[in-house]
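Have a look at the fold first, then read on.

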Amino acid sequence: MSGTYLVTGGAGYVGSVVAQHLLEAGHEVVVLDNLSTGFREGVPAGAAFIEGDIRDAGRWLDDSFDAVLHFAAFSQVGESVVKPEKYWENNVGGTMALLAAMREAGVRTLVFSSTAATYGEPVSVPITETDPTAPTSPYGASKLAVDHMITGEAAAHGLGAVSLRYFNVAGAYGAFGERHDPESHLIPLVLQVALGRRETISVFGDDYPTPDGTCVRDYIHVADLAEAHLLALRAARPGEHLICNLGNGNGFSVREVIDTARKVTGHPIPEVVAPRRGGDPAVLVASAAAAREKLGWNPSRADLADIIADAWEFAQHIAKER
């Protein structure tokens with residue numbers, strides 16, 4: 001059964017891939033994005049586009065929408081440390097305005113793009129949804145605040161909501177992939193070296209208590225991530241707020257990512273060891289048992305080489321456009 005969905009932040013990396021999946025599933029999609037970090041060319045063909053801010057969502061939301069999928073947020077951890085007010089104002093204040101608009105319009109289903117940054121330093125691995133939340137950055141704190149806000153909205157006003165806490169999203173889906181500026185994610189940074197846009201890739205610390213001394217992270221293909229959002233729409237229940245981690249349950253070290261990228265691209269990709277960054281846990285790996293059980297989600301693109309190959313194809317495509 002088809003529906004009509006508002007995708008906030010749908011011109012960004014994850015939002016655009018989810019919007020494309022919704023269209024392929026036969027749904028009507030309206031993308032709302034102010035293009036502060038998104039790209040107009042990221043809006044899938046077939047989706048209606050509104051250039052606007054989530055604070056003004058009430059101008060467009062009405063009861064013709066079945067649900068909102070909310071991706072509109074600033075997401076740079078480092079920037080959030082030096083400009084915390086930007087993250088509180090947009091991520092928290094903007095979402096508060098969006099929830100009010102949904103309440104006024106009678107739109108009672110929400111899927112929220114949350115993050116593993118809500119956990120901070122893990123107390124155990126793999127991380128489960130019942131583990132303590134102690135974010136180490138204003139970015140993570142802002143996302144956790146929104147999760148709390150959604151829980152209250154569900155209890156008080158009958159919202160049916162699902163928060164999906166992503167770990168490391170990577171890869172590309174057709175014409176949609178990462179094009180952040182500035183870029184901060186490991187895989188696209190490594191591929192920039194392969195493309196000749198950077199001379200080296202920095203490895204921040206090689207003395208962690210891991211098999212090769214570098215940090216270990218859980219990578220999930222963006223297409224698997226998108227499929228979880230469609231499942232979440234079906235799983236949302238009035239008055240309930242479900243929180244699920246999204247990850248593969250397997251970790252890859254920084255050096256494994258670089259070595260795999262060398263094989264995929266055929267480029268040497270020189271690396272330079274740099275000091276550890278403050279707040280970088282040795283290992284971040286998700287337990288996705290709740291997503292499997294409650295959403296019926298089973299990621300099928302867990303091979304690191306396949307994830308990097310899709311990202312590499314997209315990176316080369318973007319490089320030709322420049």
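Predicted model: local features only at pLDDT ≥ 70, side-chain atom pairs only at ≥ 80, totals over all residues.

Residues are numbered from 1 along each chain as its sequence is written, and side-chain values use heavy atoms, with hydrogens and water left out.

**Overall build**

The protein has nine helices and 14 strands (DSSP runs numbered from the N terminus: helices are H or I with at least four residues, strands are E with at least two). Its radius of gyration is 19 Å, close to the 20 Å that the globule rule gives for 322 residues, so the protein is as compact as a globular protein of that length. That radius is taken over C-alpha atoms, and the rule is 2.2 Å times the number of residues to the power 0.38. Along its principal axes, the C-alpha trace spans about 55 × 45 × 40 Å.

As for burial, 54% of the 322 residues count as buried (under 20% relative accessible area; exposed is over 50%, partly exposed in between, with a 1.4 Å probe and protein chains only).

**The cores**

A nonpolar core here is a set of buried Ala, Val, Leu, Ile, Met, Phe, Trp, Tyr and Cys residues joined through side-chain atoms within 4.5 Å. The largest one has 42 residues, and among those touching the most other members are Val14, Leu164 and Trp297. Several elements each supply at least two residues of this core, including strand 1 (4-8), helix 1 (13-24) and strand 11 (241-246). Helix 6 gives the largest share, nine residues. There's also a second, separate core of 26 residues, which includes Phe252, Leu304, Ile307 and Ile308. In soluble globular proteins, nonpolar side chains tend to be buried together.

Leu164 touches, among others, Phe112, Ala228, Leu246 and Leu295, not counting residues up to four places away in sequence. Contact means heavy atoms within 4.5 Å.

Thr8 lies in strand 1, while Asp147 sits in helix 4 (residues 138-157).

| Residue | Relative accessible area | Class |
|---|---|---|
| Thr8 | 0% | buried |
| Asp147 | 2% | buried |

Leaving aside neighbours within four places in sequence, Thr8 is in contact with residues including Leu32, Ile54, His70 and Leu98. With residues up to four places away not counted, Asp147 touches Phe112, Ser114, Thr118, Ser163, Arg165 and His241.
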